[in-house]
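Student: I have a structure to read and I am new to this. Can you take me through it feature by feature?

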Amino acid sequence: MDIGGIQAKLNLLLQQKAWGVSLGFGSFLTLEFGQPLPPSEERQKIHGEWHLWLYNCAWRLEEDDKILAASGDERHKLETAIHRLEGLTLQSVNLLSPAWDVVFTFEHQVVLRLFTIYSQDYEHWFLYVPDGNVLSVGPGSSCSWESSSIRTRTYAKENDTWTEQDKLDLTTFSLQYAADLFRENEEIV
């Protein structure tokens, strides 16, 4: 799918209000749009017809010319800031190639910016849509459009239920990431 195809999918969100804005594991962020869907056996959390999941990307939330929070901030700051998106109407979406960075502009000059941080291995973000498909963006400049049932089986479920293996995988990844950041000869204060 090219940039025009992705932009067309994202434009379907325009004029919809964000709700159920939630901070997940780490800085994972989800936003719901459209009518609420009832929970199912697989999914205990109520999602919207449109479900945006910021997965492995950095993000920043701004209002006017002020930064409210960025994905690397302390969790309490993130939890407070993300609620600013609740109930706001999405006015524009700008997709930037080649890395698929995105600028979501909401009413009252509230802006959510997404930044690619991986060129391989990890998807940046997902958009689950009413017809049962999911737009998966990343890794790098790749993207896919497929049935969400395939994607749900591939990744940890979004109902905040993590298996022990999911937790172990994330811990291993986090420790390796930290080890790469702080070399053996550097002192951590």
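Student: Is F126 buried or exposed?

Tutor: Buried means under 20% relative accessible area, exposed means over 50%, and partly exposed is in between (1.4 Å probe, protein chains only). F126 has 0% relative accessibility, so F126 counts as buried. This is a predicted model: local features need pLDDT of at least 70, side-chain atom pairs count only at pLDDT 80 or more, and totals for chains, interfaces and linings use all residues. Residues are numbered from 1 along each chain as its sequence is written, and side-chain values use heavy atoms, with hydrogens and water left out.

Student: How do I read a pair of aromatic rings?

Tutor: A pair of aromatic rings is described by the distance of the centres and the angle of the planes. Rings of Phe, Tyr and Trp (its six-membered ring) pair if their centres lie within 6.5 Å; planes under 30 degrees apart count as stacked, over 60 as edge-to-face and the rest as tilted. The whole structure has 7 aromatic pairs. Take F28 and W53: the ring centres are 6.1 Å apart and the planes stand at 75°, so this pair is edge-to-face.

Student: Where do F28 and W53 lie in the chain?

Tutor: F28 is in the loop between β1 and β2, and W53 is in strand β3 (residues 47-54). They are 25 residues apart, so the pair links distant parts of the chain. Helices (H or I, at least four residues) and strands (E, at least two) are DSSP runs, numbered from the N terminus. F28 is buried at 13% relative accessibility. W53 is buried too, with a relative accessible area of 6%.

Student: What kind of pair do W53 and F126 make?

Tutor: A tilted one, because the centres are 5.2 Å apart and the planes are at 35°. W53 lies in β3 and F126 in β9, so the pair ties together parts 73 residues apart in sequence. Ring pairs link F28, W53, Y55, F126 and Y128 into a cluster.

Student: How many residues does the largest nonpolar core have?

Tutor: A nonpolar core is a set of buried Ala, Val, Leu, Ile, Met, Phe, Trp, Tyr and Cys residues joined through side-chain atoms within 4.5 Å. The largest one has 37 residues. Those with the most contacts inside it are L31, W59, F106, L112 and W125. A second, separate core of 6 residues includes F28, W53, Y55 and V134.

Student: What does L31 contact?

Tutor: Contact means heavy atoms within 4.5 Å. Leaving aside neighbours within four places in sequence, the partners of L31 include W19, W50, L85, F106 and L112.

Student: How do I read the sides of a helix?

Tutor: In helix α1 (residues 3-11), the buried ones are I6, Q7 and L10. Down the axis of α1 they fall within an arc of 100°, so they line one face of the helix. The arc is that of the directions from the helix axis to the C-beta atoms. These buried residues pack against β6 (90-96), β9 (125-128), β10 (133-137) and β11 (143-147).

Student: Which residues of helix α2 are buried?

Tutor: L78, A81 and I82 are buried in α2 (residues 75-82). Their arc is only 90° around the axis, which puts them on the same side of α2. The face turned away from that buried side carries the exposed residues H76 and T80.

Student: Where is confidence lowest?

Tutor: pLDDT is the predictor's confidence in each residue, from 0 to 100. The protein averages 80, and 77% of the residues score at least 70. Confidence is lowest in helix α3 (residues 148-154), at a mean of 50, and highest in strand β5 (residues 66-70), at 97. pLDDT stays under 50 over residues 150-160. Where pLDDT is low, the predicted coordinates should not be read in detail.
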